[in-house]
Amino acid sequence: MVKAKTANGPRRRGGHRATKLAPRGSLHSGDNFLGLVFTAPAMIGLVIFVAIPILLTLWVSFRDWNGFVSPFDSSYVGLDNYNELLFKPGIRQTDFARSIRNNFYYVVGVVPIQTVLSLVIAVILNQKFLKGKSFFRTAYYFPSITSSIAVTLIFIFMFQSQGAINAVLPFDNINWLNNANGMIHNVLGVFGVDQAPGWAKSVEFMGLSLWEWMAGPSVAMFAIMMLVTWTTTGTMMLIFLAGLQSISPSVEEAATVDGASSFQRFRYVIVPMMRPTIYFVVTLGLIGTWQVFDQIYATNFGGPRKTTITPAFWIYFQSFRNSEAGLAAAIAILLFVIIMFFAFLQRRVNTSKGVT
Amino acid sequence: MAVVTAKASDLSQIAKRVAGYAALIFFALLFIMPFILTIVTSFKTLPDIQQNPVQLWADPDMGWTLDGIRGLDTSNVRLPRWAFNSFVVTTTVVIGRVFLDSLAGFALAKMKFRGQQVMFASVVMLLAVPGVVLLIPKFLIMKQLGILNSYTGLILPLMFDAFGIFLMKQFFEQLPNEMLEAAAIDGASTWQTFTKVMLPLARPGLIALTILSIQGVWNDFMHPLIAVPGNPDLATLPLGLANIRAAFGNAQPWNTILAGTIIATIPIAIVFFAFQRYFVQGVAGSGTKG
């Protein structure tokens, strides 16, 4: 048996050479049929549950559909849904503007903080003179693998007005989860600006006054931002750790020999070399944060006073709780455009910066 | 003089090490304390929780209690049922994904057939589509197929996942083509080559796909939310827990709620600690491969 195999050896190699011109990795000439058989089950499912739904969303977004009757029985309304969201003054426009504002502040808060925090933690963890790496790595990563709903409940418990966070903080009890005041308004209030100046009140965009646009995240949204940062930092840290391990130790040693301080090494050696990974983590963060839903649903269902509604939540609310599935589909398409923008940005950055 | 500088650098080394560990421990506490507080709180009595929300031990006067866990099996909080559903859904979906994704991944990586490139390009495109955008039509399609409020509705749509196909294709691609050629010369059929030669070699990839899917499906909230809106019997753990606070009135029994979060976390924690290496590789791989 063994002999037969060794005898086969040279012949096989000869055969290999002879078929070198055939496409690499090709099995049999029957691949055309078998290839389809192998891929068909997965592909048909993807078409039914992913590809067709995208087209359906687009189609439904041009209709006045309540979500109950068959969408074929609904009437075609052209761009009305988009018009009501973007241009036509009214509650729908204002609510959509609110959702964009809330999500915008959420993104602007969460993405930089989770990126910087996870990079700093990864760099510390990557120091050769520190032991117990895998223990700490596990501790930091653990929140990332838990259920978003479970973690949200834990945070609601801690952020109650009689809860752990207020017990630890040296302020008067803060009503975190039911506080609709904007953080920027709060800061302005400290400087005595607690009323909208005339110009901020009179200038309006999409039904919200400039004063409302610059409210910042509400205190409730701020609590959700902390919760999300806490859960995602571990994932980003793992990605940074993988990137850091690809930096040759000799580079850092050379910088040390040249007399660079720890901070200088971080700023002028690590950050530039990690630039592709940083771009990746930032775009990943941008794509993820524009889809925030679970935490919004479980914390306050968009409240207080609609200060935690986001486009993703508003899609759900309008279609499943407000019988405005057509309008919700238009929100979905607009959100899709936002997210695709960042997804393409990520792909461009990745290919041009040569992340391999 | 030399001795002095040596000592100074020793000192700075020690200082650095102390600062390094201090930072690591600080962050470890930040990430782990909420879980410890959760575990402790779920065994405390309600008045105790009210009075001492941060204390990591039960007040001696009030003692420890199992009331929290007992509250998880009542008429409107049915954690055993939710856990059972989560278990059924996760197992079925993961088995389905491993089967479908490895088949498709293998074909895309190692076979040559018409439409292959278009197919892979579409998989990559679908990969970028955010799930929340598909919420409404998914509901519509499930309604049309008559699988709303059923296990089929909970399970079937989750089985098809572009990421898994992508992941498995990447893994199969790394395997040498010589193995295929050798198998072909030995007279193995394509199916035999796939099951006997390639699948065993792709084991790390299969494990990565399995655990990432277990985590994703077990924790998934959005799909059950729209798939079983009218049947509380079919709620999974995240869905049941998300509505648990509404099940109680104004007085929230936090020991019960937090005990629920622990039970939802334990299975995933076990998988995590058993297969940590693959979790780390999976996430790191997603980062470096883009």
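## Ser118 in chain A

The side chain of Ser118(A) comes to 2.6 Å from the backbone oxygen of Gln114(A). A polar atom of that side chain also lies 3.0 Å from the backbone oxygen of Thr115(A). The model in which these distances occur is a predicted one.

Ser118(A) is placed in helix H4 of chain A. With a relative accessibility of 0%, Ser118(A) counts as buried. Apart from neighbours within four places in sequence, Ser118(A) has contacts with Thr233(A), Met236(A), Met237(A) and Phe240(A).

Once neighbours within four places in sequence are set aside, the contacts of Phe96(A) are Leu85(A), Leu86(A), Met206(A), Ile331(A) and Leu334(A).

Between the C-alpha atoms of Phe96(A) and Glu84(A) there are 9.3 Å in space, and the two residues are 12 apart in sequence. Glu84(A) belongs to a network of salt bridges that also links Lys88(A), Arg92(A) and Glu324(A).

## Thr307 in a loop of chain A

Thr307(A) sits in the loop that runs between helix H15 (294–300) and helix H16 (311–321) of chain A. Although it lies in a loop, Thr307(A) is buried, at a relative accessible area of 8%.

The side chain of Thr307(A) reaches a backbone oxygen, that of Pro304(A), at 2.7 Å. Beyond four places in sequence, Thr307(A) is in contact with Arg101(A), Asn102(A), Ala180(A), Ser218(A), Met221(A) and Gly302(A).

## Where the two chains meet

Chain A and chain B bury about 9300 Å² between them, and 76% of this area is on carbon and sulfur atoms. Helix H2 (residues 31–60) of chain A supplies the largest share of the chain A side, 21 residues. By class, the chain A side that touches chain B is made up of 65 nonpolar, 27 polar and 8 charged residues.

In all, 100 residues of chain A and 102 residues of chain B take part in the contact.

## Helices H7 and H11 of chain B

Helix H7 (residues 151–159) of chain B has buried residues Gly153(B), Leu154(B), Ile155(B), Pro157(B), Leu158(B) and Met159(B). These buried residues pack against H2 of chain A and, within chain B, against helix H4 (79–110), helix H6 (135–145), H11 and helix H12 (222–227).

H11 of chain B covers residues 203–219, 17 residues in number. From first C-alpha to last, H11(B) spans 24 Å, close to the 24 Å expected at 1.5 Å a residue.

## Arg245 of chain B

Arg245(B) is found in helix H14 (residues 244–247) of chain B. This residue is partly exposed, at 24% relative accessible area. Leaving out residues up to four places away in sequence, Arg245(B) touches Leu153(A), Ile156(A), Ala298(A) and Thr299(A) in chain A, and Gln252(B), Trp254(B) and Ile257(B) in chain B.

Gln117(B) is 128 residues from Arg245(B) along the chain, and the C-alpha atoms of the two are separated by 49 Å.

## Salt bridges

Over all chains, the count of salt bridges comes to 9. One of them joins Arg70(B) and Asp67(B), with the closest N and O atoms 2.9 Å apart. Both residues lie in helix H3 (residues 67–70) of chain B, 3 residues apart, which is about one turn of the helix. Arg70(B) is exposed at 55% relative accessibility, and Asp67(B) is partly exposed at 43%.

Asp233(B) and Arg78(B) form a salt bridge at 2.7 Å, N to O. Asp233(B) lies in the loop between H12 and helix H13 (237–242), and Arg78(B) in the loop between H3 and H4 of chain B, so the pair ties together parts that are 155 residues apart in sequence. A further salt bridge joins the side chains of Glu173(B) and Lys169(B) at 2.8 Å. These two residues are 4 residues apart in helix H8 (residues 162–174) of chain B, about one helical turn. Glu173(B) is partly exposed at 38%, whereas Lys169(B) is buried at 9%.

Terms used. Residues numbered from 1 in each chain as written. Chains lettered and ligands numbered in written order. Predicted model: local features only at pLDDT ≥ 70, side-chain atom pairs only at ≥ 80, totals over all residues. Heavy atoms only, no water. Contact = heavy atoms within 4.5 Å. Expected span 1.5 Å × (residues − 1). Buried area = accessible area lost by both parts, 1.4 Å probe. Nonpolar A, V, L, I, M, F, W, Y, C, P; charged D, E, K, R; others polar. Buried < 20%, exposed > 50% of the residue type's maximum accessible area, 1.4 Å probe, protein only. Polar contact = N/O pair within 3.5 Å; in protein donor to acceptor, adjacent residues only side chain to side chain. Salt bridge = Lys/Arg side-chain N within 4 Å of Asp/Glu carboxyl O.
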